[in-house]
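Have the model open beside you and try each task before reading on.

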Amino acid sequence: MRTGHVNEFFQTLKTQRWDDHRYYHHSRINQSLHLISALSFLVSYALLFVNPAWSALLAWCVSMTTRQAGHFFFEPRGYDHVNKATDEYKEEIKIGYNIRRKIVLMAVWVALPAVLWLAPSLGGMIEPAVGMQGFIEDVGMAWLCLGVTGLVFRVVQLWITQNLMQGLAWGFKIITDPFHDVMLYWRSPFYLLRGQLIDPMEHVGQQAH
């Protein structure tokens, strides 16, 4: 990769991260849940090298649920006065998974255990699980495959609809978000304890000027 391409990649990554923060993380509860999610994801990353199935179980059952709960239940969905943008506009321009795409992804996540319960061998594709622990581990591996598939699918989709740089930058952003979120939101629980439910986003206005 040439120096110009490297610079473009990191500039694209920086822009994606900045837009993700300023558009979709106003709620201090959402930010705090992202901190919990990020710390859980870091444990999951370490566990991936020891037991991939249980790594995926932790990632989906704790990391993803806390992360998405913040977006679904606590993030304001009205007019964004800080960025002067409607919720519809923000959903339309979201580089990653917007609410509609997330609903589809989470629906597949919920459905996979039922599919494995009804078809333990997935039509002969895998060895049927033995006992409850085997079933749980099969669910974990299915969720791991779902996570990888969801990541690769969106990277390819961005490549087709925009360009490869946007796709690669987003993929790298998603993988490294846990590290970045810890640095970005570690103070959020303290603001929340002080009763501040919404981040005033003063730094967004300063950046605009």
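**Exercise 1. Find which helices each supply at least two residues of the lining of the largest cavity, and describe that cavity.**

Step 1. Helix H1 (3-24), helix H4 (87-93) and helix H5 (99-118) each give at least two residues to this lining. Helices here are DSSP runs (H or I, at least four residues), numbered from the N terminus. The model is a predicted one, where local features need pLDDT of at least 70 and side-chain atom pairs count only at pLDDT 80 or more, while totals for chains, interfaces and linings use all residues. Residues are numbered from 1 along each chain as its sequence is written, and side-chain values use heavy atoms, with hydrogens and water left out.

Step 2. On a 1 Å grid over the protein atoms alone, a cavity is a set of points where a 1.4 Å probe fits but cannot get out, and lining residues have an atom within 4 Å of a point. A volume is the space filled by probe spheres set on the points, which are joined across faces, edges and corners.

Step 3. Of the 14 lining residues, Tyr 24, His 71, Glu 75, Glu 91 and Ile 99 lie nearest the centre of the largest cavity. H4 provides the largest share of the lining, 3 residues.

Step 4. By class, the lining of the largest cavity has 5 nonpolar, 2 polar and 7 charged residues. Ala, Val, Leu, Ile, Met, Phe, Trp, Tyr, Cys and Pro count as nonpolar, Asp, Glu, Lys and Arg as charged, and the others, Gly among them, as polar.

**Exercise 2. Which element gives the most to the lining of the second largest cavity?**

Step 1. The second largest cavity has a volume of about 50 Å³. Its lining includes Arg 17, Asp 20, Lys 173 and Asp 177.

Step 2. H7 gives the most to this lining, with 6 residues. The classes in the lining of the second largest cavity are 2 nonpolar, 3 polar and 5 charged.

**Exercise 3. At what angle do H5 and H6 pack?**

Step 1. H5 and H6 pack at an angle of about 150°, with their axes 10 Å apart. Axes are lines fitted to C-alpha atoms over the stretch in contact, and angles run from 0 to 180 degrees between N-to-C directions.

Step 2. That angle makes H5 roughly antiparallel to H6 (over 145 degrees counts as roughly antiparallel).

Step 3. Contact means heavy atoms within 4.5 Å. Residues making the contact include Leu 105 and Trp 109 of H5 and Phe 135 and Trp 143 of H6. By class, the contact of H5 with H6 has 13 nonpolar, 1 polar and 3 charged residues.

Methods: On a 1 Å grid over the protein atoms alone, a cavity is a set of points where a 1.4 Å probe fits but cannot get out, and a pocket is an open set with protein on both sides within 12 Å along at least five of seven lines; lining residues have an atom within 4 Å of a point. Angles under 35 degrees count as roughly parallel, over 145 as roughly antiparallel, 65 to 115 as roughly perpendicular and the rest as oblique.
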